[in-house]
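User: I'm new to this one and would like to get my bearings. Could you walk me through it, one question at a time?

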Amino acid sequence: MSTPKKRSHQIILFVLLAILALFFLAPMLIVFMNSFKSKFFISSEPFKFPNADTFTGRENYIEGARKIKFANAFGYSLFITVFSVIGISLATSMLGWYLTRVKTWFTTTVYYLLVFSMIVPFQMVMFTMSKTANMLHLDNPIGILVLYIGFGAGLGTFMFSGFIKTIPLSLEEAAMIDGATAPQTFFMIVYPMLKSTAITVAILNAMWVWNDYLLPYLTIGIEYKTIPVAIQYLRGGYGAVDMGAMMAMLVLAMIPIIIFYLAMQKHIIQGVIAGAVKG
Amino acid sequence: MKKTLLLCLLALMVVGVPLFAAGVQESAAPKEVYFLNFKPEIADVYESKIAPVFEQETGIKLKVVTAASGTYAQTLKSELAKSNPPVIFQTNGPVGLKDSLAYTADLRGTEFYKILSDKSMALGEGDQVLAIPYAVEGYGIIYNDAIMRAYFALPNKAVKINSADEINNFATLKAVVEDMQKNKAALGIQGVFASTSMAAGNAWRWETHLVNVPIYWELREKNIPFGEKTRNFDFTYSAQMKNIFDLYLNNSTTAKGLLGAKSVDDAMAEFALGQAAMVQNGNWGASQILGVKGNKVADKDIKFMPIYTGVKGEEKIGLCVGTENYLCINKQVSAEQQKLGDQFLTWLFSSPSGKAFVKNDLMFITPFNTFADNELPTDPLAKDVIRWMNKDGVTSLSWDFSIIPSKEWKNQMAAALGDYIAGRKSWNEVAAHGADVWKREFDLTN
Amino acid sequence: MQKSIQKYAALFVLPALTCFVIAFLVPMIMGVVLSFFRFTTVLDGHFIGMENYRRIFIDREFTNALIFNIRFTLISVVTINLGAFALALLLTAGIKGTNVFRTIFFMPNLIGGIVLGWIWNLIINGVLYSKGMTVVSDPKYGFWGLVVLMNWQNIGYMMVIYIAGIQNIPVELIEAAKIDGAGQGTLLKSVIIPSIAPSITICTFLTLTSGFRLFDQNLALTAGDPGKQTEMLALNIFNTFYGRTGFEGVGQAKAVLFTILVALIALTQLAFSRKREEEAA
């Protein structure tokens, strides 16, 4: 907690952390290295550097991307993530404000149902939900947004409610006395104040939706494969795992999220902390 | 900041919308037949060769989806319950048919039924015909005759016979295999048998095909006719199954501990690359040998021998021949769609282009009267299956595994075999488990 | 003011609520009801009372998965929190490059479960290859593989929370303790740990609930092999629904039990922790 005065302490800790950091990065680097090896030499010697015999250049990337139509998977993942996040942020901020400002048995019940939904494991609803989604024709990339908003409602509303509780009523009351309608009050006055919470909600949900496997697999997985679904399909869709293609696709799957992370790091870390504190 | 955000969003929409819109379009095509394919080995053939030609000749779009290995039943169940279900799908026999009865249309009036040579091969309920077989297949031990000849040419070989055709019982097979394994360096192989693949979804060669042999012998001994479901299974021929299974395990290219990561594809590649001399599989595996880059086995050297296990009188048996590939048409789709389904199947198995695909790419031995003798597949495995089917003095073993009570039984067998390989179970425990679970599953499903 | 807001109830409430009802509430209720039915699709069931619940225990799958879950979650919760806390201490010591280290340790958390499982599938198989084994040769490889994976994925995340907790400790508290002659050990025990009790609560809660509900990583790393011995509850329920004909009702019953278990664990842990937090404050 306190800065070690001794320089030697500093150096020792630095070296320790550096070694740990290397261990943390190693798995990703190993996969990256293997993505350039021929598929027969991956399982048997994954820690060996590619040499003249085993190096295959971009072949794995091309073959893998072709096999699972990675470009399409990327498109679906991107579309679904971006629009779910926007949808969740908007819908849950509005609901959160309403539930906090209006105290009736109805709002209290809804609030607790939402909180409850955060704990319920997905397996409880997966079968029935995929059937209802199909009956309501929600099993396509647009319909799935409804499902994600539904599943994201719990966390989003919880976080927005938590923050709104700390905002004094005075501003809103003043606005409404001046004749502003509820929507005007919300969008003009309250929403701008929610920026930091909105970012937190956006980031937490983006991370969840982008990496989600079961929901898209069960509802749209046959025709529209998002990245996680496409990767898992590599496992059995062609009779055997093409390790070369798998490695290359793993790399491609990691790159977007890592870029996003490096660009938005500060916000992500803040989001994680805010999410935890509210909990 | 807001402006850039907005621009980014617009950019994303421009990119994202057309990508998924393209996908949405696919499902709204006017004349389309959705076929849920069971065989991953030939998925590519349907998608890249057959579908375009079919569309070109008939204007009907063929949508082929292939279920991942080991997941056909669950994928089918899931897809059938959706609003755009498969028009054509498979069942694997009487047990599988029972699960899909709510969806199987009566095929008596179809063109497809008309071309079936032996109508008794179709499955149904009462008078209705609900499932038509489309590929007669045979399996046994595939061997590389070139390596066998090299073995028999060894000066210090331990057996008296001189060619692989002379192997006609387990004792001889064991002697040959073990001697070959001893001499594997001289023969240039890594092991006699290719990997006994046990990766998830890849254990079907043992939990279904190999287990068929003891099931067959026990049912015949108990005078239970082929196709009749029974609770009465005691795994009385388990010792014989152990004989051959041990032979596969102990004379292999791969150490036992690594088998859990090996797939059927891996095993077939080992055979094709000359690393193994034998592999248990069926004639559907032809594409997996012939299609491997660097395939070292000449067509004329690819042969079959029956799976010998040490049963008295096994000199008279041939390969295991039968089918577990039946096609059904979904009765819950519109009459128009059912007709399109019929049209595709009839086209595939009777039109010149369709038959060419069946012969050269799908490599099916079909039970249809539309195929002349010169239109049968000419790949070495199909040819050898036909040779064994027509051999004098030899009876093919029927595919009695069609009456295994459930997929769960097969899963349990695979798990038990895995435990046996790892030394966690003795063979007696495997056999006892198999017998117990059979009865339990039979009770659960009847 | 409340009244004027209530006029617009539909606008504010309906979007999220409708989606919530469709995606969660209705399926949840249907799920509970259907757990007492035998069904194939959701509309064709017939009532069979507690039969599904009885069938859960017809074999040992559910029980074994439960035991696996408990062992796995307990070990993971302890190792992750200890590791995260230790790293948090190191990263609040003003070492050069702290931010870079923080970035690196957190990174694995961004990667999705399926991708994660496959990465470790490769690594573990590679390590075991020299012993002639694979991750599915023996259940203990799968078990420890999942523990390592879970740690790799979550230590960074929890570390960030602990860092925030530590950074929020009022400097005066630390200074006061030091003036009183407290050494590093006492500082840790009497000042730091009690002060970050809320962080401990939340990290324990998160690791407990996410560990118990693990699915994607389980599927990708071992798919439950060998023979279901590394199958966790979530995967077992999935396989019961989709892998066995006629067992959909049993799957739903298992899911109900699963939900109750998770809820009990979460509530117990929270109640216990809040009490400790109050005592620590």
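User: How many residues of domain 1 of chain C are in contact with domain 2 of chain C?
Analyst: Keep in mind that this is a predicted model. Chain C is divided into domain 1, residues 2–51, and domain 2, residues 58–280. On the domain 2 side six residues take part, and on the domain 1 side the number is eight.

User: Which element gives the most to the side of domain 1 of chain C that touches domain 2 of chain C?
Analyst: Two elements give two or more residues to that side: helix 2 (9–34) and strand 1 (37–38) of chain C. By class, the side has four nonpolar, three polar and one charged residues. The top giver, with three residues, is helix 2 of chain C.

User: How far apart do the C-alpha centres of domain 1 and domain 2 of chain C lie?
Analyst: The two domains do touch, with eight residues of domain 1 of chain C meeting six of domain 2 of chain C. Their centres, taken over C-alpha atoms, are separated by 31 Å.

User: Which helix of chain A gives the most to the side that touches chain C?
Analyst: That contact takes 75 residues from chain A and 85 from chain C. One helix of chain A, residues 243–278, puts in twelve residues, and that is helix 12.

User: Where do the buried residues of helix 5 of chain C sit around the axis, on the same side or on opposite sides?
Analyst: In helix 5 (residues 98–106) of chain C, the buried ones are C:F101, C:R102, C:F105 and C:F106. They cover an arc of only 125° around the axis, so they are on the same side of helix 5 of chain C.

User: Which residues are exposed on the other side of helix 5 of chain C?
Analyst: The buried residues of this helix pack against helix 4 (61–91) and helix 7 (139–167) of chain C, together with helix 1 (7–34) of chain A. Over on the other side of helix 5 of chain C, the exposed residues are C:N99 and C:V100.

User: What radius of gyration does chain A have?
Analyst: Chain A has twelve helices and zero strands. Its C-alpha atoms fill a box of roughly 80 × 65 × 30 Å along the principal axes. For 279 residues, a compact globule would come out near 19 Å, but chain A has 24 Å.

User: Why does the radius of gyration of chain B agree with a compact globule?
Analyst: Chain B brings 17 helices and twelve strands, and its C-alpha trace spans about 80 × 65 × 45 Å along the principal axes. With 446 residues, a compact globule would have a radius of gyration near 22 Å, so chain B agrees with its 24 Å.

User: What share of the residues of chain B count as buried?
Analyst: Look at the contacts in chain B between residues at least 6 apart in sequence: 74% of them join residues at least 24 apart. As for burial, a residue counts as buried if 20 or more other C-beta atoms lie within 10 Å of its own. Out of 446 residues in chain B, the buried share is 49%.

Note on methods:
Residues numbered from 1 in each chain as written. Chains lettered and ligands numbered in written order. Predicted model: local features only at pLDDT ≥ 70, side-chain atom pairs only at ≥ 80, totals over all residues. Contact = placed C-beta atoms within 7 Å. Helix = DSSP H or I, 4+ residues; strand = E, 2+ residues; numbered from the N terminus. Rg over C-alpha atoms; globule rule 2.2 N^0.38 Å. Buried ≥ 20, exposed ≤ 12 C-beta atoms within 10 Å, placed from the backbone. Arc of directions from axis to C-beta. Domains from an automatic or database assignment. Nonpolar A, V, L, I, M, F, W, Y, C, P; charged D, E, K, R; others polar.
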